[in-house]
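Thanks for coming, everyone. Please bring up the sequence and the model, and we'll walk through them together.

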Amino acid sequence: MQTADPAELGFDAKRLTRIDDHLKKYVDDGRLPGWQIQVARHGEVAHFSSYGKRDIEADKPVEDDTIFRIYSMTKSITTVAAMMLYEEGAYELTTPVGELIPAFNDMTVYTGGNALKPQLRPASTKMEIRHLMNHTSGLTYGFHRIHVQDEIYRNAGHEWGPPPGQDLAAACDLWASLPLRFDPGTQWNYGVSTDVLGRVVEVASGQTLDAFMKERIFDPLGMKDTGFQVTGDDLQRLAALYTPGRDGTASRLDAFGESITKEPTCLQGGGGLASTTHDYSRFTEMLRRGGELDGERVLGNRTLDYMTQNSLPGDRDLEEVGIPLFAETRFDGVGFGLGFSVVMDPVKYGTVSSPGEFGWGGAASTAFWVDPLEDLTLIFMTQLLPSSTYPIRTELKGLLYQALVD
């Protein structure tokens, strides 16, 4: 990708090399297979680099057009899709989810007991569409393994995703039959909320989620390599998926990674997409520009401003209202808007950053953020699961901002 002179964009070019120097160590000692990073400011690319392999065993390097599984970076796209329908009057943010998916009309909340005999009570609040967008719905992920609710999900066949053969509508009906962790709107818990939101998009639009995204987001933004399946010649560009082996070096994980090559039965709005750095940069640039790119307006700028404000109860951060568990961000000083984490207090966060910076990451250690204050974006791609393995995201914050000198 063509890059501008870093100095003209406010970067010290020599200091920018520290990013690559640091990240190369992850590949040279075997912890990561390879990576790709793009830094842009004022709409121009200041730094773009790749290193290592997209497929270690086949000796294929990471290249400009390598396709990566972006997992939970899908969530921001799904939320944008849902907000597009909100802008058209399809529903309000406070509309109960049960009005579009009737199975969510009568929810229960876990109060005690074990996974086989849970004690339940009726939810005291309705689950609203905004609760799906900011993860205050009370839904969870089975893979968390920290609470009885998570075990209940696993017992129902939902750990990393729905059981084989179950479509999104059926998955939502099952999730609605399982107990919530808390009353909707009262706490924050990372879970299948955005997958349910994807079903809301389908019901409200009358289209499948993949068709809506292609027509309304991917085609207008020129995201030709983004989708729920990788097939044909594109398989040659797909990066392999890895996980840390016993010796700490990246070990191939085809059993999990090959799912992106198969036609999906369930279109998971919470984590089902694959994309390229170039494609995702089209999405982040649209966000940086307030909802528009190259004359294509995806969202109104006031809508995007609203989405990137903290929407957690009492304007508190994740540390105060979030369930202690793994998520794609640290909790101190970080809030959550609609589809994005939002940095509230960089000092409390303990990482050099900007107030109002928003973004998210994916399970295979990918990440992105948009910084309105500094007018910059960053995208990091790799394929190592889980993303909690190494502190790459916070390291990238320090490495990027130390190079910004204007």
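Is Lys 53 buried, partly exposed or exposed? Its relative accessibility is 29%, so Lys 53 counts as partly exposed. The cut-offs here: buried means under 20% relative accessible area, exposed means over 50%, and partly exposed is in between, with a 1.4 Å probe and protein chains only.

A quick word on the ground rules. This is a predicted model, where local features need pLDDT of at least 70 and side-chain atom pairs count only at pLDDT 80 or more, while totals for chains, interfaces and linings use all residues. Residues are numbered from 1 along each chain as its sequence is written, and side-chain values use heavy atoms, with hydrogens and water left out.

Back to Lys 53. It forms a salt bridge with Asp 59, and the closest N and O atoms are 2.8 Å apart. A salt bridge here is a side-chain nitrogen of Lys or Arg within 4 Å of a carboxyl oxygen of Asp or Glu. Asp 59 is exposed, at 51% relative accessible area. Across the whole structure, the search finds 25 salt bridges.

Now take Asp 65. Its salt-bridge partner is Arg 237, with the closest N and O atoms 3.9 Å apart. Asp 65 lies in the loop between strand S3 (60-61) and strand S4 (68-69), and Arg 237 in the loop between helix H7 (209-221) and strand S7 (242-244), so this pair ties together parts that are 172 residues apart in sequence. Helices (H or I, at least four residues) and strands (E, at least two) are DSSP runs, numbered from the N terminus. Asp 65 is partly exposed, at 35%. Arg 237 is buried, at 14%.

One more bridge: Lys 348 with Asp 317, closest N and O atoms 2.9 Å apart. Lys 348 sits in helix H12 (residues 346-349), and Asp 317 in the loop between helix H10 (301-307) and helix H11 (318-321); they are 31 residues apart. Lys 348 is partly exposed, at 39%. Asp 317 is buried, at 3%. Bridges that share partners also build a network: Asp 65, Lys 224, Asp 225, Asp 234 and Arg 237 are joined into one.

Next, a charged residue without a bridge. Asp 195 is in helix H6 (residues 193-205). Asp 195 is buried yet has no salt bridge. How far away is the nearest side chain of opposite charge? That is Lys 75, at 5.5 Å. For charge, Lys and Arg count as positive and Asp and Glu as negative; His and the chain ends are not counted. The side chain of Asp 195 does reach the backbone nitrogen of Gly 269, at 3.4 Å. Setting aside neighbours within four places in sequence, its contacts (heavy atoms within 4.5 Å) include Tyr 141, Trp 175 and Gly 270.

Asn 189 is in the loop between H5 and H6. At 0% relative accessibility, Asn 189 counts as buried. Its side chain makes a polar contact with the side chain of Thr 140, at 3.2 Å. A polar contact is a pair of N or O atoms within 3.5 Å; within protein, one must be able to donate a hydrogen and the other to accept it, and residues adjacent in sequence count only if both atoms are side-chain atoms.

On to the rings. The structure holds 17 aromatic pairs. Rings of Phe, Tyr and Trp (its six-membered ring) pair if their centres lie within 6.5 Å; planes under 30 degrees apart count as stacked, over 60 as edge-to-face and the rest as tilted. Why is the pair of Trp 160 and Phe 256 edge-to-face? Their centres are 5.3 Å apart and their planes are at 75°, so the pair falls in that class. Trp 160 is partly exposed, at 38%. Phe 256 is also partly exposed, at 26%. Trp 369 and Tyr 401 have centres 6.4 Å apart and planes at 20°, so that pair is stacked. Trp 369 is buried, at 4%, and Tyr 401 is buried, at 10%.

Last, the nonpolar cores. A core is a set of buried Ala, Val, Leu, Ile, Met, Phe, Trp, Tyr and Cys residues joined through side-chain atoms within 4.5 Å. The largest has 85 residues, and Val 80, Phe 104, Trp 188 and Leu 287 have the most contacts inside it. Helix H2 (residues 74-87) gives the most to this core: seven residues. Another core, of 29 residues, lies apart from it, with Leu 9 and Val 39 among them.
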